Every structure is written in C-alpha cells, then in structure tokens.
Amino acid sequence: MGKRSRQRQKNQNTKGDDRDNAGWGKGYADIVKENKLFEHYYQELGLVPAGEFEQFMDAMREPLPATIRITGYKSHAKEILHCLKDKYFKDIQEVEIDGQKIEAPQPLSWYPDEQAWHTNMSRKIIRKSPLLEKFHQFLVSETESGNISRQEAVSMIPPLLLKIESHHKILDMCAAPGSKTAQLIEMLHSDMDVPFPEGFVIANDVDNKRCYLLVHQAKRLNSPCIMVVNHDASCIPTLRIDLGGKKDTLFYDRILCDVPCSGDGTLRKNIDVWKKWTTSNSLHLHGLQLRIAVRGVEQLAVGGRMVYSTCSLNPIEDEAVIAALLEKSEGALELADGSADLPGLKWMPGVAAWKLMTKEGQWFSDWSEVPSNRRTQIRPTMFPPTDPEKLADMHLERCMRILPHHQNTGGFFVAVLVKKAPMPWNKRYPKLRKDVSSGSAAQTEGSPAASTPADAPRLPESAAGEGEGEGEGGGQEGNVDKEAEEEAPKGASSAQETTAKQDGVCGPPASKKMKLFGYKEDPFVFLTEEDPVFTTIQSFYDLSPNFPKLNVLTRTHDGKKRHLYMVSKELRNVLLNNSERMKVINTGVKVWSRNSDGEEFGCPFRLAQEGIYTLQPYIRSRIVRVSVEDIKVLLTQENPYLSKLEDDAHAQAKKLVMGSIVLKYNPNTNNPEQPQCPIQLCGWRGKTSIRAFVPRNERFHYLRLLGVEVFKEKQGVVQKGKDGEMEGKEEVEDEAGKKDAEKEDEAELDLENGGEIGSSEPMK
C-alpha cells in the first residue's frame, strides 16, 4: 500500500507540472473533451434550442473566460473601478498572446453599477503571460485585500436574486468556497456608515477543511456580521435566540441553497468532468439535494425568499427537485419570477417535461416504467408531476437555466422560492419580520417552541428515504461526503414515526444525531462590561459611551487575552444561545491585539487594521488626520520621522503620547484628482517617528488609490509615483505584519492551484 501511495503521489505531482507548462487542458493527456453519453442525453432532452446544439458543445469545449467582481459594499469600490478602467484595462487592450488578440474587458450587462467585468482571457493566460503580469499582480493583491473577487459570472446570480437588505438574517447552506458568501456580506454592508448592520450571514459547509477556505474568503471583508459553521446542511440544527427575555426559534429572512451537484455546467473549467460524467451522478445526488432544500424551507420565515441553485443543467437535479419541493409544500411555497431582477441576462425558462436515462442508455418517462430492481436508485420525485393541473400551477417555466453559448459563461440553474405559509409538517408558524428595529428572530405563533434540536421540524417520512445513503458534498463540484450519513438516536419516538408514515407528508421523521468532525475549535468567550481589559482601553482611546462592550469576545478562558474580536449584537445572541447546538468555526473581526510594548505607554492593546472601520466610529482620541502626501510617506517609507509629515499632521502627532493611533484621511470634494473615499489606517506613534501597521496587499491597495504605481519585479518591489521616480521600498513594519503577508502569499498559491486552506491549527 505504501509503495502504491508514493507512486500515486509522484504521478499527481507530475500531472501538476504538466498542467502548468502546457496549454489549457493539455496536462490531462487521458481526457478528451468528448462524452457521447452527455451529448446524446442533452440532445434527447431538448434543453438547448433547435439549431444551437453545435454552438452549445463548441462553447463547452472552450476555456472559461476570467471574470472579476468589485466588492460593492466597500467605500473604495468606485475608486477601484476608476483605477481599473483608466489604467489596467487600457494597458491590456490590443495585446496579442499566442496569436489571440486580447479584447478590452466589458462590464456584465446584468450586474448593477458596472461592478462585475468579463474578459476573453482564461485564468491560465492571466497567470502565465508575462505581458499580463502587472494585471495579474493587481488581481492577486486586490483579491487578498478584499476589494475585488475573481468569481465565475453565473456564480454571481443567486445572491442578486435574494434581494438582500441590511436587516436580513441570512443562511448560506452549502457555502464553501465562499464567493457567494462574500457577495451576501457585501450586500449587508451596502451602507458603510453603519458599522453593525442588524442582519448577519451564517455560512455553513459540511466539509471541515473547506470551512477554513470559507473563513479565508470571508475574513477578507472584515465584517462583524459573519459566522462560519460546520454541519450537514440536510439536518442543520434549528437555532435558538433570546427575544425579549424569552427563548425563541431563529427563522431566516433569506436562504441561499446552492447544493452539491454533478457539475456538468462546469465542463469549461473542470475538464475532468468530461471523463467522469454519467447520468448516475444526478440519480445519486437528487435525494440529497431535495433533503437540503426541504431543510432550507423549514428554516425560512414566512414571506422570506430561498434561492435554489446548481451548476448542473440536468432536470433531475433542477426542475425535479423544485417540483418535488412544491408538491410537498401543498401551496406553502411559490416559485417566483426573477427575470425582471436581472435585465440583460440571457436564460432559458424551466421545462415541465423531462425523461430519465440510466448510464446504460435506458430511458424512463414515468415512475411506473421503472423495474422493481431499480426503484432504490430511481425515485418517484425524479419524474415530472403526472397531474397536468398541478404541474401548470407550479409554473416551472419561472426557473432559469443559463446555457454557456448564450453569453460565454458556464452552465447554471437557479430558482427563486417564496414562502407563503408554514410547511404542512411544521408545528411552528414563523413570520417575516417587517419592523427593521425589532428583534433578530421571526415572530411565531401556534404550539409552544421546541426546546431541543430533536424537536425541530424535519423532512416528511415520504421523502426521508430519497437518495438514502448519500452524503452532502462540500461544494458545487459534486464531491459527495459519505460522512454525512447519520444514525437516528435510540430515544427516537416510534409514535412519531408511525404518524409520519400514516399521514405521508405531515409528520416529521425521527431526528438525527449531530456528528462533529475536524479540529476542535477554541472557545468564543464574551467579555463583561466590567472586564479589567476595558479599563486602560477606555481611557487610552477615549471610547464613546455607546461602545458595545458586550459584543467584544476573545478565544480563551484562561491566561492573557491575545486578541479581541467584535461581533454584532445579533450574532452575539446566536452564539450565547446555541453553544451546544452548533459547531462554530469562526466569527468576529479582530479589533485589538496585545502588544507588550504598549503597557509602558498606557495600554497593552494596539489597534488591528482588520477591524479599524468597525471600531473607529467609537474612538474619540488617538486620531491623526493626514493628507494624501502623508499617506504616501507612511506607506512607502520604513519608519519615517515625524518631521516627514506635513505641518498639520506633524502638529497633531506631537501632542500624542507614544502608542497605537488611527491615521485618518477625509476626502476633499474640491479636489477630484484625489481619492474620494475615506481612508483609515492603524499606526504607531514612536518617540521620534511614526509608522503604519498595514498588511502588504492593503498597503498596495491604498498606494494605487493615490496614483502610486506598485509593481513587484523578481528582484524586489518597485513603486513609482506619477512622475516616474522611485517613491520607496515596500516593507511590512512589524513582525505580525510580515507573518500576515506570508500567510496571504501562501493562501493565494493555494487558491490558484485549487487547493484548500486548512492546517493542523484552527484559523483565528
């Protein structure tokens, strides 16, 4: 076994080298972009308009063009867009690479405010071409600092259809690797003047290792309103919260249900799917997808929206799941028309008729045709409803299928569901909260609340067996995790099971045990208002009276607190009331870090750049207002003397004692040549000098906004001002900054190679 494992590892390493040194797809010598079963199946289904099938297949064989999205909630979004359009896009126009003319990137017509752009370049060309090195470095740097995201175009669609507002409670059921989660966070923070939106995002994934990739993505956005949890989405626990002194159930206003799928819409980027694709993939995943969707609508508030999506074109994973869900809901769910929300997007309406094919090529049009020996794998919910009237009332044509050749994208399916009433098997009656200022849970009526997750509503017995033995995958690529199988507890009520079998749809099945995998996480410990750490922090930074001390947490019960984090009060409510129900991987944004040198200056905690935009509104002292020229000096010189600052900033800094400070730039509307967005940096006022404590990629970001060209050559880092002269050598001042920069580099390498972020130690 050991010898075979070593040989397999050697082969994998060789393949990786081949891929890097060859053209797109050439590293997969054994993979030909042909699959006769795939072509036969989709030709027979007729999902592609007549006369377009060859175009469809040709598009599938072409590499997927790169697309980028500017983070919409950052106040710097307009400045980044200006920088992209006036500098980087102009530089790559008319460039030819391997005989291919590079066209100027174009905005996606259906994405608001020109915040998403597509090119005719694949990601591999951008990574490997020396002519595009500067553009690639820009993408890497700005991605790490959270100002842009490299994301497939169709992947941007589901969050837009959710119509998110800042007070919404959002659940992302199968969130890794996290590009859609990042969109959800951005939408919550649409108003940057509000440091703590009332809403929050709970991002879940079943794969413990992929949860850390999810943490990496979410942390780029520095939000106090995101929590990453690790559960099987098909039985994710019902959470409890404190509402007016009473325990209540948390129902979500918005749910993103982007389920694991066979991934045949990703053939353009995951070309190994050409070899692996078979109709069996969809048959194995259908039951799991339905269970996840049912669990989602159970936790949705009445009046809330759930978006169901897959990167598969197969009706078995798409319309069949939606139809089964609508049928089981008995009118509680309605399929919404989302076409008006995405003007400019080309899509095909959902189909109301489809057939099922086995991997041997045998077709079935109805459940009655399926032989008994296949009825464990093929289930009734995989077929269209037989009642024409019921089928018409479902309005399956409101589903949206995106075909690759229509707008040069990947393949995708999405459907928007609105909850009109409680699910028929639910004992709870959640209502969507209309009053933005009210508590974080939906109001409920009916029978008393269940006291444990075991009493939470579950999938009806009639559907519980669908896809039995399948587990939830960690993402869209159809990775199926067998660990997701769970046993029923010994104390499950037999009477409950009997009721479920008799009624068919109205009885919840026996609950499942919650299994926990992966690393043991450090605790989340909230501080009290009387905690001794606040004594020096309060006086040193002159915190305003409304500073929410109760929202501050640390990750240790004992010893000195190394880092302090902040979460919104709503997430604090969730954390305090569900410590035994859920496995939390990460939450909160770092606002202070312990600095032993600071104790002699009056405060042992220095400010952290990650949380400066969250924390600064509450800080009333230790602020130095700086100009554009001051920021250039601080970010390009290693440890400048105070005298290097302009007179105004110099005078302010001299009045302060040594220690951590905020360097704040306010835009001058009378000078449009300067950045028109506020800039806040963490700094340190030394005895005779001053420095900025900013991670490397954020440093690059701010310098670009100020018109300083930042380009890293093999010999070092070159930074040139508008006049072409060297401005200075980039360095990360403190040791913590250096370590952060190294971690970011490692993370980028992992992301580029499609790896997972995770280590033997949990991320903090």
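Contact means heavy atoms within 4.5 Å. Helices (H or I, at least four residues) and strands (E, at least two) are DSSP runs, numbered from the N terminus. The model is predicted: local features need pLDDT of at least 70, side-chain atom pairs count only at pLDDT 80 or more, and totals for chains, interfaces and linings use all residues. Residues are numbered from 1 along each chain as its sequence is written, and side-chain values use heavy atoms, with hydrogens and water left out.

View 1. Of the 764 residues, 58% are buried; buried means under 20% relative accessible area, exposed over 50%, and partly exposed in between (1.4 Å probe, protein chains only). Where contacts join residues at least 6 apart in sequence, 75% of them link residues at least 24 apart. The accessible surface amounts to about 32100 Å², and carbon and sulfur atoms account for 48% of that area. Such areas come from the Shrake-Rupley method with a 1.4 Å probe; for residues, only the protein chains shown count as cover.

**View 2. Cys-174 and Gly-178, two of the residues that UniProt lists under "binding site" in an unreviewed entry.** The UniProt list also includes Lys-180, Asp-205, Asp-232 and Asp-258. UniProt positions are given in the numbering used here, feature names are shortened, and annotations may be inferred rather than shown by experiment. Cys-174 is found in the loop that runs between strand E7 (169-172) and helix H8 (179-188), and Gly-178 is placed in the loop between E7 and H8. Cys-174 counts as buried because its relative accessibility is 3%. Gly-178 counts as buried at 2% relative accessibility. Residues up to four places away in sequence being set aside, Gly-178 touches Leu-214 and Gln-217.

**View 3. Glu-319 in helix H12 (residues 319-329).** Glu-319 has a relative accessible area of 0% and is therefore buried. Apart from neighbours within four places in sequence, the contacts of Glu-319 are Gly-350, Val-351, Trp-354, Leu-396, Arg-401 and Phe-413.

**View 4. Helix H21 (residues 647-654) and its buried residues.** Ala-649, Gln-652 and Ala-653 are the buried residues of helix H21. Viewed down the axis of H21, these buried residues fall within an arc of 95 degrees, so they line one face of the helix. The arc is that of the directions from the helix axis to the C-beta atoms. Asp-647 and Lys-654 are exposed on the other side of H21. Among the elements that cover the buried residues of H21 are strand E26 (623-625), helix H20 (628-636), strand E28 (679-685) and strand E29 (690-692).
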